[in-house]
Amino acid sequence: MILEAREVHLSRKDRKVLEACCRSPVTLQRDLKRARIVLLAADGRSTRSIAKEVGVQPRIVSLWRHRYADHGLEGLQDKPRPGKQPIYTKTTDKRILKLLDKPPPQGFARWTGPLLAEALGDVDVQYVWRFLRSHKIDLVARKSWCESNDPNFTAKAADVVGLYVAPPAKAIVLCVDEKPSIQALERAQGYLKLPNGRALTGQSHDYKRHGTTTLFAALEVATGKIIATHSKRRRRVEFLDFMNSVTAAFPNRKLHVILDNLNTHKKNEDWLKAHPNVQFHFTPTSASWLNQVEVWFSILQGQSLSGTSFTSLKQLQEHIDAYVNAYNDRAEPFVWTKKKVRQRRFKGRRITQL
């Protein structure tokens with residue numbers, strides 16, 4: 001249906017805007033046609049002649065003549081349209097989160113996208129995947145955490161951190177712990193050339209065991225240097241023997257020793273009475289990460305032990321000793337920058353709280 005022709009009266013300002021629109025190389029074709037229709041209508045052209053020149057139906061010319069006459073330049077814009085109603089809403093999202101808080105179906109170790117969609121019943125699996133990606137929820141990755149329930153967490157953490165950031169004057173601060181059961185594994189290793197020409201370094205899956213060693217280590221906080229010895233076991237007697245060697249390395253010095261809560265580290269009052277210059281400081285329960293020697297154990301594992309092969313237990317011990325000597329030649333202290341350590345609770349924090 002063609003509406004009755006309306007006279008179009010252009011202001012000088014509107015004409016400049018429409019003419020600029022026609023000249024611009026980035027103007028959309030639909031906007032270009034609407035601008036030309038209004039300009040031609042303002043010149044007194046008929047609806048049919050404008051339709052023929054612009055290349056549209058006469059009803060289209062009539063529509064934009066009326067829209068401009070009634071609403072000006074704003075009438076040449078598309079009216080907002082309601083669009084399609086979304087199938088899934090925030091209620092659906094809450095249902096997915098609530099389901100993730102529940103255990104997976106019997107016999108399954110974890111939820112998957114298809115399992116979630118099946119349990120929901122009316123939600124497409126593709127939407128489930130999109131929702132999980134938008135909330136950065138990874139169903140495959142697994143992380144572990146250790147939560148300390150020590151009622152004296154704050155006091156113990158402050159004691160240890162205080163030794164790091166403000167050590168006592170004329171005293172030695174040491175971090176002591178053990179790395180037990182380091183295996184002397186013998187397995188083939190080296191570079192392999194694949195059929196595609198790529199060369200990879202690696203090791204065989206098969207291995208031969210040659211025993212284990214327990215490494216006792218003390219890290220001097222001020223210098224970063226390591227004192228280490230090997231032992232077959234990690235009983236109290238081996239721990240105190242190591243502490244005897246540590247005290248011998250720092251004669252007539254006050255020693256502050258940071259330890260975790262292993263039972264062999266505690267109930268050593270008789271030994272402490274015989275060594276009045278030594279004071280033990282214990283990290284909070286389940287917070288051995290506060291002990292800096294744990295950082296060094298990680299460095300040892302990554303730089304010296306991972307991917308190596310040993311034909312005997314003695315070779316493993318000599319290998320570790322050589323690494324300790326090389327490390328001490330370039331040792332630098334760890335810089336502890338976190339002055340506030342908080343006790344954060346994880347239990348009871350559910351995914352539905354997102």
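Biologist: Let's start with Val38: buried or exposed?
Modeller: Val38 counts as buried, because its relative accessibility is 1%. Buried means under 20% relative accessible area, exposed means over 50%, and partly exposed is in between, using a 1.4 Å probe and protein chains only. This is a predicted model, where local features need pLDDT of at least 70 and side-chain atom pairs count only at pLDDT 80 or more, while totals for chains, interfaces and linings use all residues. Residues are numbered from 1 along each chain as its sequence is written, and side-chain values use heavy atoms, with hydrogens and water left out.

Biologist: Where is Val38 found?
Modeller: Val38 sits in helix α2, residues 29-42. Helices (H or I, at least four residues) and strands (E, at least two) are DSSP runs, numbered from the N terminus.

Biologist: And what does Val38 touch?
Modeller: Not counting residues up to four places away in sequence, Val38 touches Val8, Leu10, Leu18, Trp64, Tyr68 and Leu76. Contact here means heavy atoms within 4.5 Å. The C-alpha atoms of Val38 and Arg15 are separated by 9.1 Å, and these residues are 23 apart along the chain.

Biologist: What about Arg34, buried or exposed?
Modeller: Arg34 is also in α2, and at 10% relative accessibility Arg34 counts as buried. Leaving aside neighbours within four places in sequence, Arg34 is in contact with Trp64, Leu76, Gln77 and Asp78.

Biologist: Switching topic: how do α3 and α4 cross?
Modeller: The axes of α3 (residues 47-54) and α4 (residues 58-71) come within 8 Å and cross at roughly 110 degrees. Axes are lines fitted to C-alpha atoms, for helices over the stretch in contact, with angles from 0 to 180 degrees between N-to-C directions. The two helices are therefore roughly perpendicular to each other. Under 35 degrees counts as roughly parallel, over 145 as roughly antiparallel, 65 to 115 as roughly perpendicular and the rest as oblique.

Biologist: Which residues make that contact?
Modeller: From α3 they are Thr47, Arg48, Ile50 and Ala51, and from α4 they are Pro58, Val61, Ser62 and Arg65. They divide into four nonpolar, two polar and two charged. Ala, Val, Leu, Ile, Met, Phe, Trp, Tyr, Cys and Pro count as nonpolar, Asp, Glu, Lys and Arg as charged, and the others, Gly among them, as polar.

Biologist: And how do α5 and α6 cross?
Modeller: The axes of α5 (residues 90-100) and α6 (residues 113-120) come within 11 Å and cross at roughly 115 degrees, so α5 and α6 are roughly perpendicular to each other. Arg95, Ile96, Leu99 and Leu100 in α5 meet Leu116, Ala119 and Leu120 in α6. That contact divides into six nonpolar residues, no polar and one charged.

Biologist: Is Thr92 buried or exposed?
Modeller: Thr92 is found in α5 and counts as buried, at 7% relative accessibility. Beyond residues up to four places away in sequence, Thr92 touches Val123 and Tyr127.

Biologist: Last one: what is phi of Lys136 near?
Modeller: Phi of Lys136 is near 55 degrees, a positive value in a residue other than glycine. Most residues other than glycine have a negative phi. Lys136 lies in the loop between α7 (125-134) and α8 (153-165) and is exposed, with a relative accessible area of 78%.
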